[in-house]
Amino acid sequence: MKRKHRMNSNTILILITVLLFFIMYFIGCVIYANKGFGNFQTFLNILINNSGLLCVVAGMTCVMLTAGIDISVGALVAMDCMLLATGMVKGNNCILMLLLVLLIGAVFGLVQGFFISYMNIQPFIVTMAGMFFARGMTAVISTKQVSITEANNALFYQWANTKINFPAFMGIVNNKGATMVPFIRPPVIIALLCVFAIFIMLRYTKFGRGLYAVGGNEESARMMGLNVKMIKLKAYVLMSIISSIGGICYCMNTMSGSVQQATGMEMQAIAATVIGGTLLTGGVGNVLGSFFGVLIIGTITTLVQTNGKLLSSWSNIAVAALMCFFIILQALFSVIREKTASKRKNARVLWSGK
Amino acid sequence: MRKLLEKITKTKLFLPFFCLLLVLLINLFKSPSFFRVSVSNGVLYGRIIDILNRGSEIAILAVGQTLAVAVSCGTDISVGSVMSLSACFTCMLLAGFGVHSTTVLQMPMLIGIVAGILMGGLCGAFNGVLVSKLKIQPMIATLILFVAGPAIGLLLCNNQMVYIRYDQYKYLGNFLNIGDWKCPIPTPILVTVLVVAVIAIILRKTSLGLYVQSVGINRRASRLLGINSDKIVFICYVIAGLCAGVAGVVASSRIYSADPNNIGLHFELDSILAVTLGGNSLSGGKFSLTGSIIGAYTIQAINTTLLAMGVSTDQAPVIKAVIVITIVAIQAPVFKQWWAGMKNRRQAEAKELS
Amino acid sequence: MAEKIILTLREIDKSFPGVRALDRAQMTLREGEIHALMGENGAGKSTLIKCLTGVYECDCGEIRMDGTEGTLCIHSTQEAQKKGIVTVYQEVNLCLNLSVAENLFIGREPKTKLGFVDWKAMNRMSEKIMGEHRFNIDVTKMLGDYSLAIQQMVAIARVVDIEAKVLILDEPTSSLDDKEVETLFELMRQLKAKGVSIVFVTHFLDQVYAITDRITVLRNGAFVGEYKTTELPRVKLVAAMLGKDFDDLAAIKPEGESIVGEKVIVKAEGLSHSGTIKPFDFTIHNSEIVGITGLLGSGRSEMVRCIYGADRSQTGKMVFKGKKVKFKAPIDAIKAGMGYLPDDRKADGCINGLSVRENIILALQARRGLSMLPRDKQEILVDQFIELLNIKTASRETPINQLSGGNQQKVILARWLCTKPDFLILDEPTRGIDIGTKTEFQKLMLKLASEGMSVVFISSEIEEMLRTCSRMCVMRDGEKVSEISGQMTQESVMNAIAGGGSNAKTT
């Protein structure tokens with residue numbers, strides 16, 4: 001039997017997300033054409049500015065698939081940034097610092113995962129404690145902002161400031177007469193690689209399918225022989241490692257570490273994942289949807305910024321309104337699905353034998 | 001004697017009580033004058049009074065949060081943002097839109113305060129509709145106001161702090177002055193007692209407490225036996241919103257202003273913590289209001305202790321995280337089972353030897 | 001057939017707070033036999049199975065398996081699976097958000113050379129497996145989109161595909177109709193031929209005598225006896241389970257015709273609910289017991305839910321006790337004088353965590369709204385019913401989840417009797433209940449009817465309905481097709497269900 005693509009409600013939700021992004025972006029291009037919104041670079045800037053968030057969201061999707069949540073990511077990113085910044089300023093080896101940050105992410109995720117998975121404590125509480133811990137540690141490392149300059153660590157500085165240019169023919173001439181070629185930076189490549197890797201993992205590996213199973217029905221997954229505790233633990237370790245990668249990207253963007261960094265990032269990540277069609281109840285989700293969720297949030301922020309007259313609070317309100325829309329939409333779909341399921345309960349089974 | 005000890009340790013309120021006692025004893029150890037209460041300028045002073053005073057907002061929030069958690073098996077994470085919104089709304093009404101600081105009120109103070117509380121109730125109603133009618137998960141539904149609340153508050157205050165330099169406005173957050181007599185007890189404590197008393201009476205004298213537990217444990221069955229589950233859920237969220245409104249107005253009155261960015265910040269986390277430390281399960285059902293109140297003051301005690309020990313506010317969260325995780329871990333059923341298992345093994349070994 | 005013993009359980013003890021679930025229980029399983037495990041509710045069948053499969057750890061006792069030295073110490077379902085002991089429980093333990101193919105292969109997905117999940121191979125192999133069981137369904141569809149019966153078949157197909165030495169089926173036929181039960185039996189015979197030993201936990205006597213080789217009976221957690229099925233008459237089996245000579249079943253046959261009242265209590269015309277039940281008429285008098293029968297999924301529960309207001313009726317009208325009524329929610333029905341015992345005790349009946357007392361007075365309380373029923377009145381009422389229904393509980397404050405299934409059902413029945421309804425709907429009140437309690441329920445029903453109550457009785461066992469009902473509504477495919485009354489026999493009822501009975505809608 002050929003495998004047909006099912007047009008179920010989950011697919012429809014993702015399609016709406018994608019469509020919404022294109023519509024919003026298109027509106028922006030039309031309204032702010034004079035401010036250069038329509039340039040390809042604007043889109044690339046969204047990717048550049050949100051590369052950290054992209055990584056975090058990819059990890060968040062995995063955790064939310066298991067019906068869990070991780071609100072410590074913002075704090076973890078800030079802590080990583082601060083670590084990197086202070087490390088670089090002290091002149092430590094760049095590669096070593098990056099590895100250290102990843103290691104710390106792994107340990108962080110391991111501890112959180114242990115409490116959630118083996119001690120059976122609510123993820124919200126554990127990751128909240130993690131958030132407190134990481135925020136506090138950031139301040140313990142340094143209460144003042146630390147900036148990375150070229151003098152501290154030339155290698156990192158170079159990486160952060162690299163421009164990866166697109167082919168010359170895509171360049172446009174700006175009003176000063178110079179040709180601007182669209183470019184992206186290394187964090188974007190890293191983020192896209194992360195998203196791609198998570199996508200492959202979720203679709204084609206035993207662990208990825210295990211995540212869906214655990215989120216769908218934890219008890220059943222256990223009965224079927226899956227090591228549920230280990231799967232959940234791995235999910236949180238993965239989340240923290242990928243958040244640390246996001247932290248590295250974030251640091252490359254800001255080139256500094258401070259206590260106030262990345263506040264609210266966890267809520268942005270959750271919003272992006274929800275907008276992208278992942279259910280907080282677990283078992284349903286797609287990292288591509290989350291990717292577009294980030295793009296939507298990025299577009300809204302850019303729209304508000306380009307306007308210039310609107311307060312930045314408006315982008316928060318817009319994100320909240322969008323989230324409201326998607327949450328209600330998901331709820332309506334699940335109500336419809338329940339009604340059709342009860343109809344199916346009474347349907348007769350089709351027999352082919354005997 | 002042993003049996004009595006066993007009986008005490010098995011009661012539901014034991015752990016919350018024990019944790020509070022522990023924190024207080026640590027304080028006592030560090031500063032013997034901890035429990036000393038003195039009267040100065042006609043008002044009560046002392047560390048204990050301070051804890052009771054500053055913990056008022058958390059206690060009031062915890063009352064509402066307990067009901068929301070118990071009835072809907074999820075957490076209301078918007079309470080902090082609703083606090084901020086209520087405060088901003090009140091101050092905006094009292095000062096007039098766009099006014100930065102005022103000594104003259106635009107409307108009677110009581111009306112402004114009541115309006116702020118009702119705004120909290122309105123937010124609670126919004127959450128209530130989403131959770132009860134649309135059956136959306138509480139954490140997701142309240143996420144909307146969590147993101148939107150402060151943003152709307154900022155807009156109401158025109159992106160600045162609003163000062164109400166009007167003597168009587170300070171009473172709610174500080175001390176009541178009736179004529180010549182100054183009430184020795186800080187008003188927030190009185191407000192807390194009032195709120196707790198009202199809610200406790202409602203829960204005990206009417207069947208609301210029973211219904212909340214029934215709906216929280218099994219919503220479908222509750223509906224089938226005649227309970228209007230939707231209405232009960234809605235009522236609980238409105239109560240949570242009203243509590244947030246009260247807490248917001250009290251917080252605003254303390255600093256006789258509205259600070260959209262800081263009022264209510266992280267209070268939702270503290271309120272959820274209070275509920276958990278009180279021995280209540282975040283998966284709903286049976287609840288103990290007393291436990292949550294004890295939990296609320298435990299958290300405030302921790303906050304105060306850390307300040308007294310000279311830990312900076314930025315770094316304090318680290319210790320708070322460790323304490324919280326320890327307390328929650330001890331309360332976790334898995335730990336209790338392991339502890340019981342160890343005890344059984346020791347008893348068995350002792351028996352074998354004898 | 002070689003009588004090789006493959007598994008022995010001896011001296012198994014297991015206790016929970018306040019309850020001794022297993023008391024030196026034992027069981028012996030031979031290779032390639034189908035072995036029934038029977039007992040009343042609270043006898044310990046589920047507990048014994050869970051001890052065997054690692055869900056619980058037994059307090060003491062020995063489990064020995066052929067091919068393993070010494071006693072087995074199984075701590076998890078995975079360990080049990082490695083030994084070849086697999087279980088399919090009554091609640092379908094699959095992930096509804098995944099496709100059929102995935103559910104069949106969770107934990108052992110076929111991999112491509114690169115180590116990734118091979119979807120094509122998985123789908124192909126799943127189609128083959130389902131085809132072998134003669135269930136040609138689309139394996140790429142989400143399992144949640146299929147009916148419960150299909151989900152159960154997938155669950156069994158899954159464990160069958162994994163090499164099993166011992167297959168435990170925990171009440172697998174409760175939600176299956178006759179055709180599906182026959183498919184299951186065919187499957188079991190195939191496995192038996194392959195040498196797989198099957199433990200079949202069930203309440204259905206017919207099925208036990210149709211398929212099993214041996215029967216082990218437990219009572220109150222203790223081992224009563226092991227018998228060869230062909231050598232054990234039914235009466236003796238029931239006696240072993242109850243521990244007494246059983247003629248109570250015959251004794252409750254009503255002498256002569258039951259006296260049906262004159263007043264029409266419920267007169268429903270043209271009620272329906274889209275997607276669940278087509279328009280129907282229904283009438284019942286006082287002092288009458290009406291049965292609703294039909295195959296699984298024929299709309300029995302849906303019909304009563306429509307009458308009760310649990311599903312709002314979209315058409316038609318209803319007259320209750322002479323007054324025109326329109327129920328928008330269950331509370332309306334309760335206030336008018338109806339009661340409804342739902343068929344799914346766990347999901348729709350018990351409020352776990354609340355005490356026996358709270359569970360009993362809850363409906364009565366709901367009728368009063370927010371005004372609290374005084375505590376002393378509650379206690380008197382609860383004690384009354386504990387005695388009347390013979391509810392076995394440590395105290396009235398015991399949480400209901402600590403009671404056995406039968407006693408939980410009694411508590412829920414007490415809940416409705418509290419409200420003194422004029423019209424009581426009992427939907428599968430005896431499902432999953434031991435025979436002793438079943439007869440108690442039936443006797444009680446007759447008593448309530450004789451005192452004036454109108455009762456609707458839904459059951460999958462036609463025998464017990466014949467013993468109590470004066471009239472039967474026959475359902476088929478979500479529609480009420482006919483009614484039969486007068487001289488009813490099992491045969492006439494079966495005919496009516498199958499079709500070809502009188503189509504006249506008598507009232």
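Reply:

**A helix pair in chain A and its surroundings**

In this predicted model, helix α3 of chain A, residues 51-65, packs against α13(A) at an angle of about 145°, with the two axes 9 Å apart. The crossing that α3(A) and α13(A) form is right-handed. On the side of α3(A), the residues that take part are A:L53, A:L54, A:V57, A:A58 and A:T61, and they meet A:V287, A:S290, A:F291, A:G293 and A:V294 of α13(A). Sorted by class, this contact between α3(A) and α13(A) holds seven nonpolar and three polar residues, with no charged residue.

The crossing in which α2(A) passes α13(A) is right-handed. From α2(A) the contact draws on A:T42, A:I46 and A:N49, while α13(A) contributes A:L295, A:G298, A:T299 and A:T302. By class, the contact of α2(A) with α13(A) comprises two nonpolar and five polar residues, and again no charged residue.

Elsewhere in chain A, helix α4 covers residues 73-89, and its 17 residues reach 24 Å from the first C-alpha to the last, close to the 24 Å expected at 1.5 Å a residue. Of the 17 residues in α4(A), 15 are buried, so this helix is largely enclosed by the rest of the structure. After α4(A) comes A:G91, which has a positive phi, near 90°.

A:F26 counts as exposed because it has 11 C-beta neighbours inside 10 Å, the limit for exposed being 12 or fewer. Between the C-alpha atoms of A:F26 and A:M79, which are 53 residues apart along the chain, the separation is 37 Å.

Turning to the contacts between chains, 37 residues of chain B are in contact with 35 residues of chain A. On the chain B side, the elements that give two or more residues are α7 (138-156), α12 (267-277), α14 (316-331) and α15 (333-353) of chain B, and α7(B) gives the most, with 12 residues. The side of chain B that touches chain A has 28 nonpolar, six polar and three charged residues.

The contact between chains C and B takes 24 residues from chain C and 19 residues from chain B. At least two residues each of the side of chain C that touches chain B are supplied by α11 (330-336), α12 (345-349) and α13 (356-368) of chain C, with the largest share, six residues, coming from α13(C). By class, this side of chain C has 15 nonpolar, five polar and four charged residues.

Within chain C, helix α5 (residues 148-161) and helix α6 (residues 178-194) pack at an angle of about 5°, with their axes 11 Å apart, and that angle makes α5(C) roughly parallel to α6(C). Here C:A149, C:I156 and C:V160 of α5(C) meet C:E180, C:L184, C:L187 and C:L191 of α6(C). The contact of α5(C) with α6(C) has six nonpolar residues, no polar residue and one charged residue.

Definitions and conventions:
Residues are numbered from 1 along each chain as its sequence is written. Chains are lettered from A and ligands numbered from 1 in the order in which they are written. This is a predicted model: local features need pLDDT of at least 70, side-chain atom pairs count only at pLDDT 80 or more; totals for chains, interfaces and linings use all residues. Helices (H or I, at least four residues) and strands (E, at least two) are DSSP runs, numbered from the N terminus. The expected span of a helix is 1.5 Å times one less than its number of residues. A residue is buried if 20 or more other C-beta atoms lie within 10 Å of its own, exposed if 12 or fewer, and partly exposed in between; C-beta atoms are placed from the backbone. Two residues are in contact if their C-beta atoms, placed from the backbone, lie within 7 Å. Ala, Val, Leu, Ile, Met, Phe, Trp, Tyr, Cys and Pro count as nonpolar, Asp, Glu, Lys and Arg as charged, and the others, Gly among them, as polar. A crossing is left-handed if the near helix is turned anticlockwise from the far one by less than a right angle, and right-handed if clockwise. Axes are lines fitted to C-alpha atoms, for helices over the stretch in contact, and angles run from 0 to 180 degrees between N-to-C directions. Angles under 35 degrees count as roughly parallel, over 145 as roughly antiparallel, 65 to 115 as roughly perpendicular and the rest as oblique.
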